[in-house]
Amino acid sequence: MTEETPGFEEKPDVPSGATSDDAEPKAATPSEEEAAAPAGDANETTALTAQLDQARSALNERTGDLQRLQAEYQNYRRRVERDRVTVKEVAIANLLSELLPVLDDVGRAREHGELVGGFKSVAESLETVVAKLGLQQFGKEGEPFDPTVHEALMHSYAPDVTETTCVAILQPGYRIGERTIRPARVAVAEPQPGAAPAAAKEEKADDEESGGGEEV
């Protein structure tokens, strides 16, 4: 049996050249990658935010371009529709202008009582068709002369008019909507130079009769 020496404690074998500090476990320290992780996350968030802002800016630009394109398309459609209506009106006006001499013949035949039989039926059918196309006749005796829709072929003076007046319709005028195809060709009469208007003469005569009746 071996005898143990009192007060002597056995120590673990330590390799030669190693210190006691090396024998103790070292405390865990954060690595460089773990320390750099928060900074990397912040940089990535900043980059994503910048990309999102760029995407929003691009979206706004594309939306504006789309709105402008839509507005231009709507304006184009309106121009096309307006031009289509104008071309249609011009085509109809040109066609009806060629038919005006025929309508004049029909009118003269009606005035002379010659619009009878089959000729009457054809004439009435023609007038119905041109009316459906929008043709309107205008020009009446007694209406004031308007140089924008009347063409004066004859001129005279009359004591019974107070302004230039159409006293005879030589050829009726025709229009489509606001477009005049042919002005009404008329004979006009103006007030007699130096003559007092008829209304003023009548008023003067009434005053004289009233004054004469009061005298005893």
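User: Which side chain does Gln171 meet in a polar contact?
Analyst: That of Arg185, at 2.5 Å (N or O atoms within 3.5 Å, one able to donate a hydrogen and the other to accept it; residues adjacent in sequence count only if both atoms are side-chain atoms). This is a predicted model, where local features need pLDDT of at least 70, side-chain atom pairs need 80 or more, and totals for chains, interfaces and linings use all residues. Residues are numbered from 1 along each chain as its sequence is written, and side-chain values use heavy atoms, without hydrogens and water.

User: Is Gln171 buried or exposed?
Analyst: Gln171 counts as buried because its relative accessibility is 18%, and the cut-off is under 20% with a 1.4 Å probe, protein chains only.

User: Where does it sit, and what else does Gln171 touch?
Analyst: Gln171 is in strand 3 (a DSSP E run of at least two residues; helices are H or I runs of at least four, and both are numbered from the N terminus). Beyond four places in sequence, Gln171 contacts Asp104, Arg182, Ala184 and Arg185, with heavy atoms within 4.5 Å.

User: New topic. Which residues lie nearest the centre of the largest pocket?
Analyst: Leu103, Gly107, Gln137, Pro172 and Tyr174, out of 17 lining residues (an open set of 1 Å grid points, protein on both sides within 12 Å along at least five of seven lines; lining atoms within 4 Å of a point).

User: Which element gives the most to that lining?
Analyst: Helix 2, with 7 residues.

User: And what comes just after helix 3?
Analyst: Gly134, with a positive phi of about 100°.

How values were computed: 1 Å grid on protein atoms, 1.4 Å probe; cavity = no way out; pocket = protein on both sides within 12 Å on 5 of 7 lines; lining within 4 Å. Buried < 20%, exposed > 50% of the residue type's maximum accessible area, 1.4 Å probe, protein only.
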